[in-house]
Amino acid sequence: MYLDVIITLLKIAIVFGFVLNVAAILSWAERKQSAVMQDRIGANRADVLGFRIFGLFHPIADTIKMLTKEDWVPPAGDAFVHTLAPFLALFTALVVFAVIPFGDTLHIAGRDIPLQIADLNVGILFIVAFGGLGFYSVVLAGWSSENKYSLLGSIRAAAQLISYELALGLSIVGIVMAYGSIELDDIARGQGQYVLGVIPYWGIVAQPLGFILFFTAAMAETKRVPFDLPESESEIIGYFTEYSGMKFGAFWMGEFIEVISVAGVVTALYFGGWQIPFLSNQGVFIPGLFTIPLPHLLVVLLQVSAFGLKVLFFCWFMLLVRWTLPRFRYDQLMAFGWKFMVPLALVNIAVTGLIKYVF
Amino acid sequence: MENLFFYIAAILAVASAGSVILQRKVMYSVLSLIVALLAVAWMYAMLSAPFLAVVQVILYAGAIMVLFLFVVMMLKYEKTEIQRFRPGLLWCMGLLVAVFFLMKLIYVINRASSLTPQVATLPPDFGSIKSLGGVLYTQYLLPVELTGILLLVAVVGVALLSGIKK
Amino acid sequence: MLATDQYLMVGVVLFGIGVIGFLTRRNVIVLLMCIELMINGAGLAFVSFCRQTGSLEGQVFVLFAMVIAAVEIAVALSIVLLVFRNRATLDVDEMEVLKW
C-alpha cells in the first residue's frame, strides 16, 4: 500500500523532473535554434565566474529576472482571476503527462510497475478533456486584464482553440480505430507489431494522414508560430499583455510545456511510444533469423530513453517549424481549420473504417 | 480512503454550487459552476462511470461553460451585481417553494434508496467506453440518431438567431 | 464500497440549490446556470442508482441529458444575447413585454 504510493510519487517526480527541465532547456534551445537558422550566434552572454557553456545559464538568469520583477495587477481588472489564469495554464499543460506511458511494464522484485503515472481506462479522452481546459487560462487572462486588446487577443485565441480542438479530436478517432483501444498503453503495445514481418506497425504507418492532421492541430493548440495569432508578441498584442514577472513566466513556461506534451502525445500515438524497432522484451531480434537476449532492466532502460529521445526530437522539430513558417492570416487560419482539416479528418475516419471493414 | 475522497468531492460540489447562486459577479458564478461540474465528474468517476466523467469534463467544462464565459465576457452588465436577488415577496416565495420541494425530494429519495439495499457487484469494465457504446449503438440506436438530428436543428437555430442582419 | 445513498443526497442538494437559485436570482444567465446545476443533480442520482442496480441505462440517460443541455444552452444563450441587444437588460423581472 505505502510502497505503491511511493512508487507513484517517484514516477511523478521523474516525469515532472524531465518535463520541467526540458521546458527550461527548450527556452535556451529556441534561441540557439533561431540563431543558427538566421546565421547569428544567439544567447551567450550570461556567465558564471567566466564560464558561459553556450549560454546554458540563460534559463536560470531568466528565472531570476522574472522572480524579482514587479508583479503588477491591473487596478481596474479582477485580481483573483488575473492570478488564477497563469496557474491554470501551467496545470492544464502538465496534467496531460499523467496518462502518457513512457515505458513498458517494469518487472522488478516480483512487482509489475507500469511506467505510466495513471493507467486510466479513458486514456486519450483524458488528454482531450484536460487539454481542452487550457482554453480557460487564455480567456480568463484576457478578460481579467480589463484591456480591450487583451480581450480581443483572448477571443482570437478562444476561436482558434475551439476550431482546432475539433480537428484534433477527429484525427484521434482514426488511431483509436486502427488499434482498437482508447488506452494509451494498449496503443503503444499495439505499435510493437510488424507489417509484412519487417515494417514496425507504428501509428504513422497505420495513419499517415491522421498523423499530419493531429500534428498540425496540436501545434495550433500550442499557440505557436504559424498559429500564434493569440499571442503575436511583436505586433497585434495578445492575451497576456497585462502580465509581468513570474505570472508572465508561467504562461511562457506553460507554452514550452505544451510543446513537450504535444511531442509526448505524438510520440505515444504515432511514433511507437517507447517501442524500438526489433527490440522486444526478449532482446534484439531480426524477424525469422535470430534473437540476441538482453536483460530485462536494460531493455526497459533502452525503451524509456528511446521515448525520451523521440520526445526531444519532436520538440526540436517544432522549433524548426516555428522558425521556418510565417504566420497565418486570421481568415486563412479559420478557413484552414474548418474547411480543410475537419473534412480531411472525417475522410480519414471513413477510409480507416473502410480498410478495417475490408481486411 | 474512499470515504475521504467522497467527502472532499461532495463538499467541493455543494460549496461551489452554493457559491453559484450567492456570488455578486456573474463571472465568479461561472467559475464556481465549473468547479461544481468538475466535482460532479469526480463523483461520476468514483461511481464507476469513468466515461461519463470524462464526457462531463469535455462537454460541460469544455463546451457548455465556454458559451457562458463568452456571453459573460461580451456583455457588460453591472446592474444585477448590486441587486442579485429578486425583489421582496418574490424572493421569499421562491425560497419557500424551493425548500418545500427539496424536502419532498429528500423524502422520495430516502424511500427509493431503501428499496434496493445491496449494492450490485459490477463487471470490471462497467461504464467503460466499450460497454457503454455497446448499449448505445444497439438498444438505444434510435435515440442516438434523434439526438444527432436535435443537434443539427440546434445548430441551424442558433445560426439563424445570432446571424440576423438588420 | 461506499453506500450510494450519500451520493444521492449530494445530488438532491445540488438540485435543491439549483431550484433555490432559479426562483430567487434575477440575472437570466445565472438562471440558466441553475438549470445546469439541476441537470447535474439529477445526473448524479441516475449514476448512483446505476451503481446500485448494476445496469447501464442510467448512464445512457445522463449522456442524453448532457447533449440536451448543450443544445438548450446554445439556443438559450443566443436568445439572451438577442434580448440584451434589443432591451439592454438581463433582469428576468424586466422582461415583461408578453405580460398584459
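**Entry 1: chain C on its own**

I started with the contacts inside chain C: among those with a separation of 6 or more, 53% are between residues 24 or more positions apart. I kept in mind that this is a predicted model.

Next I looked up the secondary structure, and chain C has three helices and zero strands. Read along the sequence, the pattern is α-α-α. I then checked how spread out the chain is: its radius of gyration is 17 Å, well over the 13 Å of the globule rule for 100 residues, so chain C is more spread out than a compact globule. Along the principal axes, the C-alpha atoms of chain C fill a box of roughly 55 × 25 × 20 Å. I also looked up burial, and 57% of the 100 residues of chain C count as buried.

**Entry 2: who touches whom**

Which pair of chains has the most contacts? Two pairs of chains touch, and I found the most contacts between chains B and C. Chains A and C are joined by no contact, and their closest C-alpha atoms lie 15 Å apart.

I went to the B–C pair and found 61 residues of chain C in contact with 69 residues of chain B. On the chain C side, the elements that give two or more residues are helix 1 (5-24), helix 2 (28-53) and helix 3 (57-87). Helix 3 of chain C gives the largest share of that side, 20 residues. By class, I noted 41 nonpolar, 13 polar and seven charged residues on the side of chain C that touches chain B.

Then I turned to chains A and B, where the contact takes 14 residues from chain A and 13 residues from chain B. Helix 4 (124-132) and helix 5 (134-144) of chain A are the elements that give two or more residues to the chain A side. How many charged residues are on the side of chain A that touches chain B? I found no charged residues on that side, with 12 nonpolar and two polar.

**Entry 3: the nonpolar core**

I looked up the largest nonpolar core, and it has 168 residues. Those with the most contacts inside it are A:Phe214, A:Val266, B:Met43, B:Tyr44, B:Val54, B:Met65 and C:Ile29. Helix 3 (residues 50-74) of chain B provides the largest share of this core, 16 residues.

Leaving aside neighbours within four places in sequence, B:Met43 is in contact with B:Ala9 in its own chain and with C:Tyr7, C:Val10 and C:Leu44 in chain C.

**Entry 4: C:Leu37**

I found C:Leu37 in helix 2 of chain C. Is C:Leu37 buried or exposed? C:Leu37 is buried, because 27 other C-beta atoms lie within 10 Å and 20 or more is the cut-off for buried.

I listed the contacts of C:Leu37, leaving aside neighbours within four places in sequence: B:Ala17, B:Val20 and B:Ala36 from chain B, and C:Leu14, C:Ile17 and C:Gly18 from chain C. For C:Ile17, 20 residues from C:Leu37 along the chain, I noted a C-alpha separation of 7.6 Å.

**Entry 5: two positive phi values**

I checked two residues other than glycine with positive phi. A:Asp39 has phi near 60 degrees, and B:Ser48 has phi near 50 degrees.

Where do they sit? A:Asp39 is in the loop between helix 1 (2-37) and helix 2 (58-68) of chain A. B:Ser48 is in the loop between helix 2 (26-46) and helix 3 of chain B.

A:Asp39 counts as exposed because it has 6 C-beta neighbours inside 10 Å, and the cut-off for exposed is 12 or fewer. B:Ser48 counts as buried, with 21 C-beta neighbours inside 10 Å.

**Entry 6: domains and confidence**

I noted that chain B is divided into domain 1 (1-82), domain 2 (86-113) and domain 3 (124-166). Taken over C-alpha atoms, 32 Å separate the centres of domain 2 and domain 3 of chain B.

Last, I looked up confidence for chain A: the average pLDDT is 86, and 98% of the residues score at least 70. A reminder to myself: where pLDDT is low, the predicted coordinates should not be read in detail.

Methods: Residues are numbered from 1 along each chain as its sequence is written. Chains are lettered from A and ligands numbered from 1 in the order in which they are written. This is a predicted model: local features need pLDDT of at least 70, side-chain atom pairs count only at pLDDT 80 or more; totals for chains, interfaces and linings use all residues. Two residues are in contact if their C-beta atoms, placed from the backbone, lie within 7 Å. Helices (H or I, at least four residues) and strands (E, at least two) are DSSP runs, numbered from the N terminus. Ala, Val, Leu, Ile, Met, Phe, Trp, Tyr, Cys and Pro count as nonpolar, Asp, Glu, Lys and Arg as charged, and the others, Gly among them, as polar. A nonpolar core is a set of buried Ala, Val, Leu, Ile, Met, Phe, Trp, Tyr and Cys residues joined through C-beta atoms within 7 Å. Domain bounds come from an automatic or database domain assignment. The radius of gyration is taken over C-alpha atoms; the globule rule is 2.2 Å times the number of residues to the power 0.38. pLDDT is the predictor's confidence in each residue, from 0 to 100.
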